[in-house]
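Subject: Structure handover, pockets

Hello,

Please take over the structure below.

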Amino acid sequence: MVVDTGPDFRQQMLRVGISSLEAVLLTHEHNDHVIGLDDVRPFNFRSGRDMPVLALPRVLGEVKKRFSYIFDAKAYPGIPRLNLRPIDKDQPFDIGGMHFQPILVNHGKLPILGFRLGDLTYITDAKTIDESELEKVRGSKYLVLNALHHKEHHSHLNLEQALDIIYNIKPERAFLTHISHRMGKRAEVEKQLPDNVHLAYDGQELWF
């Protein structure tokens, strides 16, 4: 699976040697999370099937607008083939033998999704999370959570706010993602973090 297909989606897949992909899960429709979707076509060619794309109905509507050529009645040969599947926050789903629980978070005023897979919860671009949705996160051993930088931001958690959520959830390990260059250098920032909290980095692998 892959969560979101950003501008460097192709390079990410090549870097880690991914040769097959079961599905794409989209958190929301902002370009830094969807604009690489065209590059699923090599996986179409390899598998001979349409790529399942799971997201909120609103997000799938935006996919149809931004990639309208994919859905044109007279589509040219070689376009990506997508199987759009709507989901919502109260609709767990299974793909490839894995069970996913969507988690609704607020990206400013925009409702978007995070996902829980067993002991791992992945949340990006959150600003606030309602208590009812936090209940879905409780018990996670591993939490990936956005923390933009140190200052207040209108649509993203800052470091202090992210640490408050981590303290509330109490995972064994937490990794901060969607980090701005204004956060500072990793070696310096990590000295200020609790022992179980780390800044995530490109190419990082977690085994659990």
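Predicted model: local features only at pLDDT ≥ 70, side-chain atom pairs only at ≥ 80, totals over all residues.

Residues are numbered from 1 along each chain as its sequence is written, and side-chain values use heavy atoms, without hydrogens and water.

A pocket here is an open set of points on a 1 Å grid over the protein atoms alone where a 1.4 Å probe fits, with protein on both sides within 12 Å along at least five of seven lines; lining residues have an atom within 4 Å of a point. Volume is the space filled by probe spheres set on the points, which are joined across faces, edges and corners.

The largest pocket has a volume of about 1800 Å³. Its lining counts 39 residues, and V2, V3, Q12, Y122 and Q204 are the closest to the centre. Elements are DSSP runs numbered from the N terminus: helices (H or I, at least four residues) and strands (E, at least two). Those supplying at least two lining residues include β1 (2-3), α1 (9-16) and β10 (173-177). The largest share, four residues, comes from α1.

The second largest pocket holds about 190 Å³ of space. Among the residues that line it are F9, R10, M13, D39 and R46. Two or more lining residues come from each of α1 and α3 (41-47), and α1 gives the most, with four.

Regards
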